[in-house]
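Please open the structure in a viewer and keep the sequence at hand.

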Amino acid sequence: MAEVFISKTNWNKIINYAKASYQEFKAEIGGMAVVYKDKDGDWEVVDPVILKQEVTAGTCSLDQETLANYYTKAGMKWIKKEFRFCWWHSHNTMPAFWSKTDTDTIDEYSDGDLSFALVVNLNKEYKFRISIW
């Protein structure tokens with residue numbers, strides 16, 4: 001059975017994005033990461049980024065044009081590996097759970113074979129989801 005890994009450095013980057021957004025805006029924040037298959041057949045979450053977006057205390061919405069550019073650039077960088085994308089976002093001080101908005105966003109990735117999603121909070125609690133479509 002394949003496993004999914006994230007390095008401490010990449011995990012801390014996501015948590016620090018969440019903390020910074022909460023400290024500055026009292027808002028959620030979201031981003032993307034790449035998940036690639038390593039030589040052992042396991043998946044590794046790498047390169048978490050934030051993109052242009054609108055944030056509120058309870059939502060974050062990635063700019064679609066910026067997201068399209070991200071997909072193109074990341075795809076060119078990772079073309080020699082088997083990879084997928086991971087949509088991640090924070091719930092700041094709320095529990096880590098899948099809201100209706102979250103599941104609707106996850107469902108937008110159903111046109112592929114496999115997708116990844118991550119929600120975190122400021123207490124470093126998380127939910128990680130692998131969807132097989």
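A salt bridge is taken here as a side-chain nitrogen of Lys or Arg within 4 Å of a carboxyl oxygen of Asp or Glu. The structure is a predicted model, in which local features need pLDDT of at least 70 and side-chain atom pairs count only at pLDDT 80 or more, while totals for chains, interfaces and linings use all residues. Residues are numbered from 1 along each chain as its sequence is written, and side-chain values use heavy atoms, with hydrogens and water left out.

**First stop: the charged network**

Select Lys 37, Glu 82, Arg 84 and Asp 113, which are linked in a network of salt bridges. Within this group, the side chains of Asp 113 and Arg 84 meet at 2.8 Å, N to O. Asp 113 lies in the loop between helix 3 (100-107) and strand 7 (114-120) and Arg 84 in strand 6, so the pair ties together parts that are 29 residues apart in sequence. Helices (H or I, at least four residues) and strands (E, at least two) are DSSP runs numbered from the N terminus.

How accessible are the two partners? Buried means under 20% relative accessible area, exposed over 50%, and partly exposed in between, with a 1.4 Å probe and protein chains only. Arg 84 is buried at 16%, whereas Asp 113 is partly exposed at 44%.

**Second stop: two further salt bridges**

The count of salt bridges comes to 6. Select Lys 100 and Asp 104, whose closest N and O atoms are 2.8 Å apart. Both residues lie in helix 3, 4 residues apart, about one turn of the helix. Lys 100 is exposed, with a relative accessibility of 60%, and Asp 104 is partly exposed at 36%.

Next select Asp 40 and Lys 39, which form a salt bridge at 3.8 Å, N to O. Both Asp 40 and Lys 39 are exposed.

An open sheet of 6 strands has the order 1-3-2-6-7-8, with mixed pairing; two strands pair if DSSP finds at least two bridges between them. Its edge strands are strand 1 (4-6) and strand 8 (126-132), each pairing on one side only.

Select strand 2 (30-37). Of its 8 residues, 7 are buried, so strand 2 is largely enclosed by the rest of the structure. Strand 2 runs antiparallel to strand 6 (residues 83-90), joined by 7 bridges, and Ala 33 stands opposite Cys 86 there. Strand 2 is also antiparallel to strand 3 (residues 43-50), with 6 bridges, and Met 32 faces Val 49 across that pairing. The hairpin of strand 2 and strand 3 has 5 residues between the strands, and Gly 41 takes a positive phi near 85° in it.

Moving on, strand 6 and strand 7 pair in the parallel sense over 5 bridges. The bridge partner of Ser 90 in strand 7 is Val 120.

**Last stop: a buried glutamate**

Where is Glu 28 placed? Glu 28 is in the loop between helix 1 (8-25) and strand 2. Glu 28 is buried yet has no salt bridge, and the nearest side chain of opposite charge, Lys 26, is 14 Å away. Here Lys and Arg count as positive and Asp and Glu as negative, while His and the chain ends are not counted. Leaving aside residues up to four places away in sequence, Glu 28 touches several residues, among them Ser 21, Val 55, Cys 60, His 89 and Met 94; contact means heavy atoms within 4.5 Å.
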